[in-house]
Amino acid sequence: MTEQHTALITGADRGVGLALAAQLLNKGWQVIAGRYLTQWKGLDELQSQYPDQLRIVELNVGDDQSVATAARQVSEWTDKLDMVINNAAMLGDIQTTIGDELNFNEMLQAFNVNSLGALRVTNGFLPQILRSDSKLIVNISSEAGSVANCWRTSWFGYAMSKSALNMQSMLVHRGLKDKGGRVLLLHPGHVQSYMQGELDNSGKYTPEQSAAAILKLAERRLGDEWNGEELALIDPEGQVIPW
């Protein structure tokens with residue numbers, strides 16, 4: 001990766017998103033970080049360390065107008081994006097099963113953020129993506145979206161929305177590959193995160209470890225060191241997860 005590259009990262013306030021921003025900045029990238037959780041100050045700290053490399057944009061991927069406004073603002077900073085990392089996501093209820101009272105409004109919100117959010121961003125920033133030589137879109141999905149490997153009896157909103165994200169990624173992949181666009185679909189692993197409202201230390205990976213694995217795979221894709229052109233869901237070790 002060279003310092004001439006520019007990346008946009010959604011959900012960059014904390015966790016994997018913040019770690020991705022920090023590691024790309026350390027590699028010399030220009031980073032545009034999508035901010036949603038203004039109470040988290042990690043991005044402010046990063047900006048003090050990298051004042052000439054990091055820009056912060058207010059970005060709610062679940063809102064059409066927010067994405068459109070962010071795209072206009074970013075277009076004033078740069079005319080191209082070498083990599084867009086669609087990282088923003090919500091977990092929602094993971095306990096309720098089919099025999100319980102289900103919160104369908106929360107499920108709709110999960111689809112809006114996890115599935116349509118990435119599509120909004122890719123669509124809204126597509127002109128800048130297509131002006132880059134790299135044209136790389138990285139969608140952060142989950143093994144929870146795998147139908148073939150499903151073991152859960154709950155997680156309705158999250159699992160179904162991530163499955164929809166996988167399909168969305170395939171549609172975008174097929175729609176852009178003739179234009180040189182590339183989609184990388186990744187499972188970040190079980191990460192120690194705040195997605196349940198407080199820090200979950202049970203995860204196998206720290207945010208920094210997950211981010212490093214993601215960027216290692218992205219570097220391979222940017223360097224055309226990829227076997228085949230068909231889209232697959234890849235885990236942090238580079239293994240394919242059945243859909």
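User: What should I know before reading residue numbers and values here?

Analyst: Residues are numbered from 1 along each chain as its sequence is written, and side-chain values use heavy atoms, with hydrogens and water left out. The model is predicted, so local features need pLDDT of at least 70 and side-chain atom pairs count only at pLDDT 80 or more, while totals for chains, interfaces and linings use all residues.

User: In what order do the strands of the sheet lie?

Analyst: Start with the terms. Strands are DSSP runs of E with at least two residues; helices are runs of H or I with at least four; both are numbered from the N terminus. Two strands pair if DSSP finds at least two bridges between them. Here, eight strands form an open sheet in the order 3-2-1-4-5-6-7-8. The pairing is mixed.

User: Which strands stand at the edges?

Analyst: Strand 3 and strand 8 (240–241) do. Each has a single partner strand, so one side of each lacks a neighbour in the sheet.

User: How many bridges join strand 2 to strand 3?

Analyst: Five, and the two strands run parallel. Strand 3 covers residues 54–58. Two bridge pairs to find on screen: I32 with R55, and R35 with E58. On to strand 1 (residues 6–9): it pairs with strand 2 in the parallel sense over four bridges. I9 has A33 of strand 2 as its bridge partner.

User: How do I read the handedness of a crossover?

Analyst: Point the strands away from you. If the path from the first strand over the helix to the second runs clockwise, the crossover is right-handed. Strand 1, helix 1 (residues 15–26) and strand 2 make a right-handed β-α-β unit. From strand 2 the chain then crosses through helix 2 (residues 42–49) to strand 3, again in a right-handed β-α-β crossover.

User: At what angle do the axes of helix 1 and helix 2 cross?

Analyst: Axes are lines fitted to C-alpha atoms, for helices over the stretch in contact; angles run from 0 to 180 degrees between N-to-C directions. Under 35 degrees counts as roughly parallel, over 145 as roughly antiparallel, 65 to 115 as roughly perpendicular, and the rest as oblique. The axes of helix 1 and helix 2 come within 10 Å and cross at roughly 5°. That makes helix 1 roughly parallel to helix 2.

User: Which residues make the contact?

Analyst: Contact means heavy atoms within 4.5 Å. Helix 1 contributes L18, A21, A22 and L25; helix 2 contributes G42, L43 and L46. These residues divide into six nonpolar, one polar and no charged. (Ala, Val, Leu, Ile, Met, Phe, Trp, Tyr, Cys and Pro count as nonpolar; Asp, Glu, Lys and Arg as charged; the others, Gly among them, as polar.)

User: Which strands does helix 4 lie across?

Analyst: Helix 4 (residues 104–124) lies across strand 1, strand 4 (83–86) and strand 5 (136–140), at about 160° to strand 4. Helix 7 (residues 207–222) lies across strand 4, strand 5, strand 6 (182–186) and strand 7 (233–234), at about 155° to strand 6.

User: How many residues of strand 6 are buried?

Analyst: Buried means under 20% relative accessible area, exposed over 50%, partly exposed in between (1.4 Å probe, protein chains only). In strand 6, five of its five residues are buried. R182, L184 and L186 cover one side, V183 and L185 the other. Strand 2 (residues 30–35) is mostly covered too, with five of its six residues buried.

User: What joins strand 6 to strand 5?

Analyst: Five bridges, and the strands run parallel. V138 stands opposite L184. The chain goes from strand 5 through helix 6 to strand 6 in a right-handed β-α-β crossover. Strand 6 also pairs with strand 7 in the parallel sense, over two bridges. There, L186 stands opposite I234.

User: Is I140 buried or exposed?

Analyst: I140 counts as buried because its relative accessibility is 5%. The residue is found in strand 5. Beyond residues up to four places away in sequence, I140 touches I85, N86, N87, K162, L165, L186, P188 and I214.

User: Which residues other than glycine have a positive phi?

Analyst: Most residues other than glycine have a negative phi. K135 has a positive phi of about 55°. K135 sits in the loop between helix 5 (126–130) and strand 5, and is buried at 13% relative accessible area. W155 also has a positive phi, near 60°. Look for W155 in the loop between strand 5 and helix 6 (156–176).
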